[in-house]
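Work through the exercises below with the sequence and the model side by side, trying each task before reading its solution.

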Amino acid sequence: MPCTCRTDLEAKLLERFKQQHPDTQNHQLEITGYALVLGETPQEYPAMKVIATHTVTSKAGRQREKKVTQSMIGHYCPFCGTPVTTSPATTNQ
């Protein structure tokens with residue numbers, strides 16, 4: 001991503017984590033929720049897992065919960081709103 005929000009936030013959160021746990025060592029922190037999308041150029045996008053549940057009734061009348069899991073990929077930084085990539089229409093102007 002063109003912005004530095006992720007690395008800046010990771011650094012701030014890691015510093016806070018170190019302050020909260022001063023008697024421990026080897027502090028590490030990573031913000032997850034990003035996906036590497038392969039295309040013309042591999043690009044990292046913010047990604048979230050979306051889990052939706054609903055109750056279905058079988059033909060026999062028995063009810064059970066059904067879960068549907070999908071992935072959602074954003075085209076903007078969730079922290080600053082910067083576009084992940086520049087569209088070709090924008091670069092030609």
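**Exercise 1. Determine how strand 2 is paired with its neighbours in the sheet.**

Solution. Begin with strand 2 and strand 3, which run antiparallel and are joined by 11 bridges, where strands are DSSP runs of E with at least two residues, helices are runs of H or I with at least four residues, and both are numbered from the N terminus; two strands count as paired if DSSP finds at least two bridges between them. Within this pairing, I51 has T69 in strand 3 as its bridge partner. The two strands form a hairpin with 5 residues between them, and G61 in the turn has a positive phi of about 95°. Next, turn to strand 1, which is joined to strand 2 by 4 bridges, again in an antiparallel arrangement, with A35 opposite Y45 in strand 2. A hairpin through 5 residues connects strand 1 to strand 2.

The model is a predicted one, in which local features need pLDDT of at least 70 and side-chain atom pairs count only at pLDDT 80 or more, whereas totals for chains, interfaces and linings use all residues. Residues are numbered from 1 along each chain as its sequence is written, and side-chain values use heavy atoms, with hydrogens and water left out.

**Exercise 2. Trace the network of salt bridges that links R6, E10 and E44.**

Solution. Count a salt bridge where a side-chain nitrogen of Lys or Arg is within 4 Å of a carboxyl oxygen of Asp or Glu; the count comes to 2. In one of them, E10 pairs with R6, the closest N and O atoms being 3.7 Å apart, and these residues, 4 apart in helix 1, are separated by about one helical turn. R6 also pairs with E44, with the closest N and O atoms 2.6 Å apart. Because R6 lies in helix 1 and E44 in strand 2, this pair ties together parts that are 38 residues apart in sequence.
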